[in-house]
Amino acid sequence: MDMLAVFTTVATQEQADTLARAAVDARLAACVQTEAIRSTYRWQGAVACEPEVRLLFKTRADRYAALAELLRERHPYELPAIFALPVAEATPEYAAWIDESLG
């Protein structure tokens with residue numbers, strides 16, 4: 001199976017919606033889920049704790065490079081977290097839907 005779960009975070013739901021729509025429109029993700037989270041991290045020598053929106057892009061490994069490029073180009077952060085985790089298992093029907101959605 002070559003499915004990936006690709007993650008990034010942004011500051012607002014509007015930013016998340018913009019990235020999600022761009023990825024789905026370009027057929028780089030079959031689906032994007034967003035959820036409100038709170039992140040604690042070190043940035044420029046200080047510890048910050050802020051609300052963010054996490055995006056989960058459902059895609060295939062062969063689309064990762066193009067998806068990461070789209071995210072880098074349109075991401076509002078100076079250093080966005082963009083990373084992927086392999087999907088170990090999925091139902092055959094869902095995997096087929098991913099393939100169909102990506103074209």
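How many nonpolar, polar and charged residues does the lining of the largest pocket have? By class, this lining has eight nonpolar, two polar and four charged residues, where Ala, Val, Leu, Ile, Met, Phe, Trp, Tyr, Cys and Pro count as nonpolar, Asp, Glu, Lys and Arg as charged, and the others, Gly among them, as polar. The model is predicted, with local features requiring pLDDT of at least 70 and side-chain atom pairs pLDDT 80 or more, while totals for chains, interfaces and linings use all residues. Residues are numbered from 1 along each chain as its sequence is written, and side-chain values use heavy atoms, without hydrogens and water.

**Strand pairing**

- Helices (H or I, at least four residues) and strands (E, at least two) are DSSP runs numbered from the N terminus, and two strands pair if DSSP finds at least two bridges between them.
- Strands E2 (residues 31-43) and E3 (residues 46-60) run antiparallel and are joined by 13 bridges; Val32 has Phe57 in E3 as its bridge partner.
- Two residues lie between E2 and E3 in their hairpin, and Gln44 in the turn has a positive phi of about 50°.
- E1 also pairs with E3 in the antiparallel sense, over eight bridges, with Met3 opposite Arg60 in E3.

**Nonpolar cores**

- A nonpolar core is a set of buried (under 20% relative accessible area, 1.4 Å probe, protein chains only) Ala, Val, Leu, Ile, Met, Phe, Trp, Tyr and Cys residues joined through side-chain atoms within 4.5 Å.
- The largest core has 19 residues, of which Val6, Val10, Val32, Leu55, Phe57, Leu67 and Leu71 touch the most other members.
- At least two residues of this core come from each of E1 (3-10), H1 (13-25), E3 and H2 (64-74), and H1 gives the most, with five.
- Another core, of five residues, lies apart from it and includes Met3, Ala30, Ala95 and Leu102.
- Beyond its neighbours within four places in sequence, Leu55 is in contact (heavy atoms within 4.5 Å) with residues including Val6, Val10, Leu19 and Val32.

**Largest pocket**

- A pocket is an open set of points on a 1 Å grid over the protein atoms alone, with protein on both sides within 12 Å along at least five of seven lines; lining residues have an atom within 4 Å of a point.
- The largest pocket holds about 280 Å³ of space, a volume filled by probe spheres set on the points.
- Its lining comprises 14 residues, with Tyr41, Trp43, Glu52, Tyr77 and Leu79 closest to the centre.
- E2 supplies the largest share of this lining, four residues.

Conventions. Buried < 20%, exposed > 50% of the residue type's maximum accessible area, 1.4 Å probe, protein only. 1 Å grid on protein atoms, 1.4 Å probe; cavity = no way out; pocket = protein on both sides within 12 Å on 5 of 7 lines; lining within 4 Å.
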